[in-house]
Amino acid sequence: MDIRIYVGNLAKSTTQAEINTLFATAGTVSSVDLVMDKGTGQSKGFAFVSMPEQAEADKAISMFNGKDYQGRPLTVN
């Protein structure tokens, strides 16, 4: 069962591929679900990253929570 991680305070221009690349440095990424506004098609500024291993998810949270990414401090939990 995958561990689902909330990633907030993303820049509106951030892509799923960029999030996947970032989190892959902490471990295996099963999926990235970037939440989009249905009306505008633009990112809402948050996403959910799924990782298969608890240890890798914990590592990602500790690595990226509060980290500056594209000029914004990430909220990861």
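Me: Which residues of α2 are exposed on its other side?

Reply: In this predicted model, Ala55 and Ser62 are the exposed residues on that other side of α2, and the word exposed applies to a relative accessible area over 50%. The buried residues of the helix are Ala57, Ala60 and Phe64. These three cover an arc of only 60 degrees around the axis, and therefore they lie on the same side of α2.

Me: What covers the buried residues of α2?

Reply: The cover includes β1, α1, β3 and β6. The helix itself lies across β1, β3 and β6, and its direction is at about 10 degrees to that of β1. After α2 comes glycine 66, which has a positive phi, near 85 degrees.

Me: Why does threonine 14 count as buried?

Reply: The threshold for buried is under 20% relative accessible area, and threonine 14 has a relative accessibility of 3%, so it counts as buried. This residue is placed in the loop between β1 (3–8) and α1 (16–24). Apart from neighbours within four places in sequence, its contacts are Ile19, Leu34, Tyr69 and Gln70.

Me: What makes the pairing of the side chains of threonine 14 and glutamine 70 a polar contact?

Reply: The two side chains are joined at 2.4 Å, and a polar contact requires a pair of N or O atoms within 3.5 Å, one able to donate a hydrogen and the other to accept it.

Me: Why is glutamine 42 called partly exposed, rather than buried or exposed?

Reply: Its relative accessibility is 42%, and since buried means under 20% and exposed means over 50%, with partly exposed in between, glutamine 42 counts as partly exposed. It belongs to the loop between β2 and β3, and, leaving aside neighbours within four places in sequence, it is in contact with Lys12, Met36 and Asp37. In the hairpin of β2 and β3, with 6 residues between the strands, glycine 41 takes a positive phi near 75 degrees.

Me: What makes β2 and β3 a pair of strands?

Reply: Pairing requires at least two bridges between the strands, and β2 and β3 have 5 bridges in the antiparallel sense, so they count as paired. Within this pairing, methionine 36 stands opposite serine 43 in β3, and leucine 34 stands opposite alanine 47 in β3. Against the sheet packs α1, which touches β1, β2, β3 and β6 and makes about 140 degrees with the direction of β2.

Me: Which strands are the edges of the sheet, and what makes them so?

Reply: The open sheet consists of 4 strands in the order β2-β3-β1-β6, with antiparallel pairing. Its edge strands are β2 and β6 (75–76), each of which pairs on one side only.

Me: Which residues have the most contacts inside the largest nonpolar core?

Reply: They are Ile5, Val7, Ile19, Phe23, Val49, Phe64 and Leu74, within a core of 20 residues. At least two residues of this core come from each of β1, α1, β2 (31–36), β3 (43–51) and α2 (54–64). Isoleucine 5, leaving aside neighbours within four places in sequence, is in contact with residues including Ala47, Phe48, Val49, Ala57, Ala60 and Val76.

Methods. Residues are numbered from 1 along each chain as its sequence is written. This is a predicted model: local features need pLDDT of at least 70, side-chain atom pairs count only at pLDDT 80 or more; totals for chains, interfaces and linings use all residues. Side-chain values use heavy atoms; hydrogens and water are left out. Buried means under 20% relative accessible area, exposed over 50%, partly exposed in between (1.4 Å probe, protein chains only). Contact means heavy atoms within 4.5 Å. A nonpolar core is a set of buried Ala, Val, Leu, Ile, Met, Phe, Trp, Tyr and Cys residues joined through side-chain atoms within 4.5 Å. Axes are lines fitted to C-alpha atoms, for helices over the stretch in contact, and angles run from 0 to 180 degrees between N-to-C directions. The arc is that of the directions from the helix axis to the C-beta atoms.
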